[in-house]
Amino acid sequence: MENSLSGRRWLPESSLREPTPLAQNTDYSPNREANMHRWARIQLIALIAVMGGTAASPAQQGSRAQWYTQPTPPPRELLDRLNLQMSYRIYVPMDGRRDGFATVQLQGRNLFVQTRSGLVTLIDAETGVTQWRQRVGRPYAVEHALAFNSREVYVINNLYLFALDRSTGAVNWSFRLPEGVAASPVADEEQIFLATPTGHLLAYLLPRPELRAAASPPGEKSQRLPSLRGEGRITTAAVSPLTRSAREASTVDETGGLYPLRAWSEMTSLRLELPLVLAGDRLVLPTPNGIVLGMSKRLPAGARTTIIYRFSTESPIRVPAAHLDGVAYIGAEDANLYALQAHNGQLLWRAVIGVPINRQPAVTNEDIYVVSERQGMMRLDRASGQPMWRLPTRDGLTSFNAAANYFLAANPKYVYALDASGRFLVLDRRRGIPLSGFDSRDFVFPISNDVTDRIYLAANNGLIICLHDREYPKAIRHRQREEEAENPLKLRLDERITDEIGTKEIPLAEMLDRWSKRYPPLRFRIEETAFRDAGRDSPAQTNVKTPPVKDKRLGDVLKDMLAAIQCTYEIVGDVILILPAPAK
C-alpha cells in the first residue's frame, strides 16, 4: 500500500523484521577494495541514521518543530486498524518554507494558531472551520503565545500589543509597550498581565470601547482613553494570507485611539520567563529561581503589594505549570510534582517522580500525565498524586512507559502519545502498556491536548489533522466544569432554543424577570446610568416581545429583542447589563 505519511510504504507491524546484517567476508564485486569502501559507506549511513533519526533526544525533539515537511494524512486502512477516524484536515496558509507554526493553543471549542510570519487564525477545534485570519505586526517577530478573553485575542509582536476582535479578527487597537515581554501573557475580562525582563509584573486595564460608545450621547464622539506614555502606535490593516505574503503586510504609524491603562506594577526581583497561570482570582507565577508567587489580580484596598504567598520548591523550575479547577501543578528540577491550591498556596500533595520533569504536565479531569528525562511518561491520579501504572520490566514493575515521550490526548480507554523519534503510540489508559502505533515523524509539530480527547498533528507546510476514536464521535471535554465556571452566562447564551409560540408584548423589566426564571443562571440589570448619560429614558417599562424561533442561539434571541428598542447587552461578571445601543 503506497499511501503513507511521507511517501513510505506502510507495512503491517507483524511483517517488520530486524535487518539482516551484511556478511563482512563476502565479496560483492570482483574488486575487494571497492567492496570495503562500499561497506564503510554503508556503516556511515547507518550511523547517521541512528544519530539523527530514531534515537532523538528531548532537545532534538524540540528542534524537530522547526523542520519543514510535507506529510500526507495516514491512510484509512491504518486508521481502521487503530480504531481511529479523521475528523478533518485543514491547511493554514504559510509564507513559504521559512514559515511554520509558532504556537497552537486550545481553549474551549477554539483552536488558536499563530505562525512565525505573524498570521493569527481562529479555527473551530471540533469541525475544522476557519472563522477568521489576521496578520499583525512585524513578520517573523513572534516569540510568545496568545492571550484571550471572551471579547478579544491579544498578540505580542516585538514591542507592540495588538487586540483582535474575537468574532471577526479585526484589529481593535494596538499599543506600544514601555518595555519588552519575557513570558507569554494572560488576560481576563478586565485586565491583561505582562511579565517583563526586568522582573516586573504589569497589569493593564483593557479598553472597553463598546461600553463607552453605548454611554455617549448621540452625535458625540466617545471619549478617548489617554495613553500611559506618548509613543506612537503601530497597527496593520487586514491582510489576506491567500493573496499576499507576510513581507507585503505594511504598517502605519498613527496617534490617538484606544489604549490600555496601567492598573498596577509589581517588582518581584525574580526571573519571570515562564508562562503566567490565571486561576480564578489569582495569578500563579512559577520562576526559574524555584519560587512560585501567588498574586491577587487586583491591588487590595490599602495594600502595597499584590503578592499573597510565596512557595519554594528549593530547586529550579524549567517547564511551564499546568492548572485545573483552582489547582496549579508545578514540575521542578528536584524530580517532584507539586499540587498547589492557587488561592492560598497550600500544598495539597507532592509526587516524587524520581527524575527531572522535562515537559509541561497534561491535566485532565481525573489524571495528570508527566514526562520526565530518561524515564518516559507516568500517569498520576489527580486527586492524590499516586502513580496509576504498573508496567512489567526485567527488574520488576515500573510506573513509567519508557517509550512515551510526548502526551497528545486521552479518552477513557486509551492514551495517545509520541516516542522520542515522533512515532505515534496508542497506550492502554488503565495499564499504560503500548498497544499499537504508526510512523508519524513527518508531523513535526504535535499539539498536546488536555482539553478534549481529540488528537491533533501538524506540520510546517500548514497541514493540521484531527483524529478521534470511533467510539467517541462527540468530543469528551476534560475541563467542562472549569469552562462552565469561567463564564456560565456565556455558555447559557450559546445554547440553542426552540419556541414555536413566542411571547406577547410586555414591559422589558417583566420580560427579563421571566428569562431569569426560565433560563438560570441568567441575571439582568438595566444600567440606568448609561441611559441617563446617553440622554435616554430607562427602557424598563418599554414593551418588548420575542417572535417564534427554531433552533436559535439564546443570545441571538436576546439581541434581536433588545435591538427592537435600540438596546444591547454586555456580560460583566455574573450579570448581563442592558445598555443603550451605540448611535449609528
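Guide: Strand S21 (residues 327-331) and strand S22 (residues 336-341) run antiparallel and are joined by 5 bridges. Within this pairing, Tyr329 has Ala339 of S22 as its bridge partner. Strands (E, at least two residues) and helices (H or I, at least four) are DSSP runs, numbered from the N terminus, and two strands pair if DSSP finds at least two bridges between them. The model is a predicted one, in which local features need pLDDT of at least 70 and side-chain atom pairs count only at pLDDT 80 or more, while totals for chains, interfaces and linings use all residues. Residues are numbered from 1 along each chain as its sequence is written, and side-chain values use heavy atoms, with hydrogens and water left out.

S21 and S22 belong to an open sheet of 4 strands, ordered S20-S21-S22-S23 with antiparallel pairing. Its edges are strand S20 (322-324) and strand S23 (347-352), each of which pairs on one side only. From one strand to the next, the twist averages 20 degrees; axes are lines fitted to C-alpha atoms, for helices over the stretch in contact, with angles from 0 to 180 degrees between N-to-C directions.

As for charged side chains, the whole structure holds 27 salt bridges, each a side-chain nitrogen of Lys or Arg within 4 Å of a carboxyl oxygen of Asp or Glu. Among them is a network linking Glu366, Asp367, Arg379 and Arg429. Another joins Arg454 to Asp453, with the closest N and O atoms 3.0 Å apart. Arg454 is buried at 5% relative accessibility, as is Asp453 at 1%; buried means under 20% relative accessible area, exposed over 50%, and partly exposed in between (1.4 Å probe, protein chains only).
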